[in-house]
2 protein chains.
Amino acid sequence: MSKSLTYTDKEEKLAQYSKALGHPARIFILNFLEKQCSCFAGDISSQLPIANSTVSQHLTALKEAGLIQGTINPPTIKYCINKTNWEEAKTLYREFFEV
Amino acid sequence: MSKSLTYTDKEEKLAQYSKALGHPARIFILNFLEKQCSCFAGDISSQLPIANSTVSQHLTALKEAGLIQGTINPPTIKYCINKTNWEEAKTLYREFFEV
DNA sequence: AAACTATATTGCAATATTACTATATAGTTT
DNA sequence: AAACTATATAGTAATATTGCAATATAGTTT
């Protein structure tokens with residue numbers, strides 16, 4: 001038997017990042033932020049066929065996963081990639097696929 | 001406005017693969033298959049703290065996402081990574097993070 | 001202070017995910 | 001053919017996700 005009681009940190013983190021990437025709207029948002037370096041929520045929602053409130057939810061999900069961060073500059077919020085975690089995710093995926 | 005009506009193929013595919021990777025048990029299974037080259041469902045479920053039927057569900061999810069394939073060899077089924085799609089996923093992630 | 005702007009939150013409904021136990025399937029051995 | 005083995009599926013319950021309209025928030029301009 002010897003059932004492991006839990007998963008490793010890497011398994012948990014990769015799953016967490018993947019869950020955040022698991023919706024095309026969030027992939028779109030991240031692609032957009034990669035190109036623009038930074039942007040406002042309005043820029044994003046004007047390009048997607050979903051309501052503002054839904055975009056806001058996706059942004060919150062990406063923030064909670066650590067992939068983006070927002071700088072408040074009223075009345076807008078400027079979003080950008082969280083580079084530290086982005087690099088971590090990149091490394092995790094590279095390791096995962098290269099092994 | 002000019003709302004796009006849908007997402008690109010790449011956005012959809014990356015989201016689909018990510019959704020499949022969005023659970024630590026499925027990350028574990030794929031890591032296991034990477035190391036073992038191939039294995040049986042029983043090998044996997046003996047290493048995870050979840051029921052056989054739940055492992056079976058995760059295997060089905062990975063199969064539907066195209067990341068693994070099974071060869072029937074009664075009474076066992078030998079699972080392995082689907083190399084074509086694995087390479088595609090790898091390329092999609094590389095592009096996504098390198099841009 | 002009232003109106004405005006950009007964004008977030010709430011409340012709700014529909015659907016999907018996760019996990020389990022119990023049962024079914026399919027092929028093998030006795 | 002009956003018992004066995006490995007795996008899948010059905011049925012069920014709890015929880016999570018997705019999306020929207022309506023409302024709230026917070027700062028700015030008139």
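This is a predicted model: local features need pLDDT of at least 70, side-chain atom pairs count only at pLDDT 80 or more; totals for chains, interfaces and linings use all residues.
Student: Is B:A89 buried or exposed?

Tutor: The relative accessibility of B:A89 is 1%. The limit for burial is under 20%. B:A89 therefore counts as buried.

Student: What distance separates the C-alpha atoms of B:A89 and B:L14?

Tutor: B:A89 and B:L14 are 75 residues apart along the chain. Their C-alpha atoms are separated by 7.1 Å.

Student: Which helix gives the most residues to the surface near DNA strand D?

Tutor: At least two residues each come from helix 3 (41–45), helix 4 (52–64) and strand 3 (76–81) of chain B, and from helix 4 (52–64) of chain A. With four residues, the element that gives the most is helix 4 of chain A.

Student: What share of the atoms of DNA strand D within 4 Å of the protein is sugar and phosphate?

Tutor: Of the 20 residues around DNA strand D, those that come nearest include A:A51 and B:Y79. Among the atoms of DNA strand D within 4 Å of the protein, sugar and phosphate account for 75%.

Student: How far is a base nitrogen of DNA strand D from a polar side-chain atom of A:S53?

Tutor: Phosphate oxygens of DNA strand D lie 2.7 Å from a polar backbone atom of A:A51 and 2.2 Å from a side-chain N or O atom of B:Y79. For A:S53, the distance from a polar side-chain atom to a base nitrogen is 3.3 Å.

Key. Residues are numbered from 1 along each chain as its sequence is written. Chains are lettered from A and ligands numbered from 1 in the order in which they are written. Side-chain values use heavy atoms; hydrogens and water are left out. Buried means under 20% relative accessible area, exposed over 50%, partly exposed in between (1.4 Å probe, protein chains only). A residue is near a molecule or strand if one of its heavy atoms lies within 4 Å of it. A polar contact is a pair of N or O atoms within 3.5 Å; within protein, one must be able to donate a hydrogen and the other to accept it, and residues adjacent in sequence count only if both atoms are side-chain atoms.
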